[in-house]
Amino acid sequence: MQPQQQIGAVGIDFGSYRTVIGVAKKKGVDVICNQASARETNNIVSFGEKERFMGEQGSARAKSNWKNTCSFFNRIIGLRGDYPKLKEETKWITSKVITQEDGSLAFDITTKGEKKQLTPVQVTASMLTEFKKIIEHNEISSKEAVISYPSYWTEQEKKALLDAAQIADIKVPRLVSESSCVTLSYGLFRKSDLPEKESEARNVIFVDFGHSKLSTFVSGFTKEKCRVILQEHDRHLGSRDFDWTLLKFYDKIFQEENQGLSILENKKSILRALDAIQKQRTILSANSHATINAECLVEDCDLNYDLSKEEFESLISADIDRLRNHFMNLKQQIQEAKLNIHSVEIVGGASRTPIVQQLIQEVFEFPIQRTLNQTECIARGCAMIAAYMSPSFRVAEYKMEECNTYPIKISWQFLNNGNMIEEGRTATFFDKGCSIPNIKSLSFKRIDGIQMNLFYENEIEGFKSEILSVKIPSFLPKEDEYQLKVRIKLSLNGTVELTECVLIETYKVEEKIKKPKVEKKEGDKKNDKKVEEEEEDEYETKVTTKTRTTPIECQISDFHHVPAKLLEEQRNYEFEVTNSDRVIQETQAKKNELETFIYDWRDKSTGSYKIYFEEAVIPDLHKKLDEASHWLENDGHSASKSAYISKIDELKKNTDPVVKRYHEYTSLPAQINNLQQVIQTALGFVNNQDEKFAHITAEERKPIVAEVEKAQKVLADGQTALQNTPTHKDAPITCHQLRELENAIIKISQPIMSKPVPKVEEKKPQEGEQTQEKQQEKQEQKQEQPAGDKMEEEN
């Protein structure tokens with residue numbers, strides 16, 4: 001029997017290092033656990049000799065299989081080989097990252113004995129497939145999810161994530177920025193405390209300091225809506241930068257103590273050292289000292305060092321200065337916008353660092369508040385947005401206004417046979433901070449071809465400015481009055497789309513319109529009946545203006561989506577690998593089942609199940625178990641799923657009869673007791689002479705007696721036979737037989753025992769007659785009357 005599926009709206013906080021999955025249900029938002037019962041899942045994919053290992057399993061193999069383990073793939077998704085800070089990013093990745101011929105990046109790994117180059121989009125798709133398994137593991141029926149992205153992401157990064165979701169076969173109703181998720185999580189659940197008027201809106205500073213990035217933003221809140229007003233981002237500053245600073249510090253000490261041996265020369269030693277440093281940094285958040293202990297870090301040499309909080313803060317001073325400058329930039333924007341700040345909220349794992357909290361209070365001059373769950377608020381916001389978009393949920397209305405991060409410009413030029421004949425204009429099309437979604441249109445009164453380009457107004461370091469290119473062919477209108485209308489949309493995902501390109505022509509037509517008849521008086525109608533019949537309808541000519549809309553086919557160049565043919569190939573590859581992983585996991589499960597069966601029955605045959613075996617059978621079973629164990633260690637080490645099932649079935653032929661005997665003999669005492677209680681209850685009723693059962697005759701009770709006597713005979717014969725039967729033989733009477741006897745007695749006795757008492761009809765007195773009771777009542781009344789009353793009666 002399959003578990004019942006739950007309806008839920010899924011939101012995925014897809015972080016750089018870890019992912020949290022939230023599900024909106026009818027009773028609120030829950031954060032679901034993965035197969036290891038953890039609320040956070042590591043974003044890591046390790047490619048083994050036979051299968052992929054993701055999440056917790058991938059983390060467990062990261063150190064031993066570091067060459068084929070991909071991490072931080074969503075940090076480089078959408079990036080190209082010429083990204084200026086690529087080396088700074090790839091130092092965290094243990095597998096080899098190469099630049100392909102087209103300039104895109106790929107992980108160079110070995111899987112199933114083959115060399116493979118997998119793009120960050122493909123590895124992201126693998127991780128999204130793991131999220132699908134977690135959702136299914138929690139019995140959620142949803143096949144779609146809202147996914148968060150860092151607010152600073154560009155067009156190419158967002159489109160790459162959408163491509164990855166398509167490869168993983170996840171329907172994404174929309175992408176949503178992390179800043180918007182945090183803002184919604186704060187505002188939605190405290191609407192009653194918020195002001196009503198826009199002029200009195202509560203402005204809150206949020207500091208989201210995570211593992212690898214920093215976002216600070218100001219959001220405004222009223223009872224009806226929330227919106228992000230200002231934001232500042234640093235995509236290359238997080239707690240991992242503190243860890244790297246400590247790593248370089250410890251590497252210097254390690255080299256001095258171990259004759260020049262360096263931690264940084266080996267990826268495996270880097271991973272082990274970073275793990276130890278992260279634990280040490282966590283301890284320092286609540287203590288004044290913490291010791292790092294990493295045994296056999298490089299060539300059997302250990303790393304041991306006791307670090308004080310003061311020394312730690314001194315070492316990371318350069319990173320703290322970067323933080324200070326970042327906060328000061330946002331503070332300046334707040335002062336220029338003349339915003340009244342209500343409070344400061346912190347989210348993100350790295351915001352727990354004491355010196356970071358001190359700096360936030362120092363710069364913004366507000367005490368820190370922690371009313372949001374620092375690691376789960378984004379997932380909860382995503383889930384609520386998913387619930388808003390789902391027809392299965394009705395959510396309290398609360399509007400969230402999202403804003404555009406980067407200003408987008410548009411330019412156009414007129415063409416003739418593909419050559420430019422006239423330069424058009426360049427203008428800002430979508431301003432920074434404009435609402436999302438947003439649709440704007442352009443109108444042209446030209447028949448020439450038009451080349452339109454949309455691009456970022458300001459250059460973003462390491463990213464191409466081009467977003468979309470639209471080539472509109474020349475056309476010949478049929479009418480003199482016409483216009484070409486182009487509609488461009490900044491979608492909910494924050495991506496630019498061409499929604500419409502049409503030719504609208506205006507023309508005039510002459511139409512004959514029937515003239516209305518003049519109404520006549522009642523008298524005239526009777527006189528002119530014949531005249532009316534002979535009259536014909538009169539028409540007048542009227543000129544009307546009409547429009548004709550004709551779609552124009554455009555040539556669209558989308559610079560950032562994976563080409564359709566390549567996307568289909570990558571989808572097929574992901575489908576094949578997912579199926580292969582499933583078969584391998586199922587095969588491994590059957591192999592483990594066989595191994596467990598062998599060890600269990602070696603113990604059971606000489607322990608609790610021994611008395612249910614014939615003595616001659618046990619040595620034969622042990623022999624077969626040993627043969628199966630030998631096969632498992634040799635030929636069966638990498639056998640098929642069906643081979644393991646066949647071995648288990650073969651061994652069960654020897655053990656199933658024993659299991660059946662064990663359950664029969666251990667369950668019989670309780671079942672005999674149940675039957676005896678039912679017999680006693682039935683006999684007690686048969687012999688019951690109580691007045692409430694007086695309406696049930698002895699004749700009516702006879703069937704119960706017959707059924708009880710039958711059960712007593714079978715039970716007595718069975719108990720006698722049971723005493724003379726050894727336990728290695730099948731029981732002469734079974735629990736099933738006893739249950740049938742029990743049910744038969746209950747079935748025949750219940751209708752008889754529950755027979756209702758028949759109603760007694762009262763005899764009605766005839767006219768003039770009085771019942772004996774009424775006569776007696778009158779007599780009593782006469783006796784009770786006083787003497788005066790009696791005299792009056794006599795008179």
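Is Lys 112 buried, exposed or partly exposed, and what is its relative accessible area? In this predicted model, Lys 112 is partly exposed, with a relative accessible area of 37%. The residue lies in the loop between β9 (105-111) and β10 (114-118). Its backbone has a positive phi of about 55°, although Lys 112 is not a glycine.

A second residue with a positive phi is Asp 300, where the angle is near 65° and the residue is again other than glycine. Asp 300 is placed in the loop between β16 (289-298) and β17 (301-308). With a relative accessibility of 63%, Asp 300 counts as exposed, because the cut-off for that class is over 50%. A further backbone feature concerns the peptide bond from Ile 436 to Pro 437, which is cis, with omega near 0°. Pro 437 belongs to the loop between β23 (435-436) and β24 (438-444).

Another loop residue, Asn 65, is found between α1 (56-60) and β7 (69-71). Asn 65 counts as buried, its relative accessibility being 18%, and the limit for this class is under 20%. When neighbours within four places in sequence are left aside, Asn 65 is in contact with Ser 46, Phe 47 and Gly 48.

Helix packing is illustrated by α6 (residues 178-188) and α12 (residues 377-389), whose axes are 8 Å apart and meet at an angle of about 80°. Because this angle falls in the range of 65 to 115 degrees, α6 is roughly perpendicular to α12. On the side of α6, the contact is made by Glu 178, Cys 181, Val 182, Leu 184, Ser 185 and Leu 188. Helix α12 contributes Cys 377, Ile 378, Arg 380, Gly 381, Cys 382, Met 384, Ile 385 and Tyr 388. Classed by residue type, the contact of α6 with α12 comprises 10 nonpolar, two polar and two charged residues.

Aromatic pairs number 28 in the structure. In one of these, the ring centres of Tyr 83 and Phe 463 are 5.7 Å apart and the planes stand at 65°, so the pair is edge-to-face. The two residues are 380 residues apart and link distant parts of the chain. Tyr 83 lies in the loop between α2 (73-76) and α3 (86-90), whereas Phe 463 lies in the loop between β25 (449-456) and β26 (466-472). Tyr 83 is buried, with a relative accessible area of 6%, and Phe 463, at 7% relative accessibility, also counts as buried.

Tyr 186 and Phe 221 form a tilted aromatic pair, with 4.7 Å from centre to centre and 45° between the planes. This pair likewise links distant parts of the chain, as Tyr 186 is in helix α6 and Phe 221 is in strand β14 (residues 214-221), 35 residues apart. Both Tyr 186 and Phe 221 are buried. A corresponding arrangement involves Arg 240, whose charged end sits over the ring of Phe 72 at 5.1 Å from the ring centre. Elsewhere, ring pairs join Phe 597, Trp 601, Tyr 609, Tyr 612, Phe 613, Tyr 662 and Tyr 665 into a cluster.

Methods:
Residues are numbered from 1 along each chain as its sequence is written. This is a predicted model: local features need pLDDT of at least 70, side-chain atom pairs count only at pLDDT 80 or more; totals for chains, interfaces and linings use all residues. Side-chain values use heavy atoms; hydrogens and water are left out. Axes are lines fitted to C-alpha atoms, for helices over the stretch in contact, and angles run from 0 to 180 degrees between N-to-C directions. Helices (H or I, at least four residues) and strands (E, at least two) are DSSP runs, numbered from the N terminus. Angles under 35 degrees count as roughly parallel, over 145 as roughly antiparallel, 65 to 115 as roughly perpendicular and the rest as oblique. Contact means heavy atoms within 4.5 Å. Ala, Val, Leu, Ile, Met, Phe, Trp, Tyr, Cys and Pro count as nonpolar, Asp, Glu, Lys and Arg as charged, and the others, Gly among them, as polar. Rings of Phe, Tyr and Trp (its six-membered ring) pair if their centres lie within 6.5 Å; planes under 30 degrees apart count as stacked, over 60 as edge-to-face and the rest as tilted. Buried means under 20% relative accessible area, exposed over 50%, partly exposed in between (1.4 Å probe, protein chains only). A charge sits over a ring if NZ of Lys or CZ of Arg is within 6 Å of the ring centre and within 35 degrees of the ring normal.
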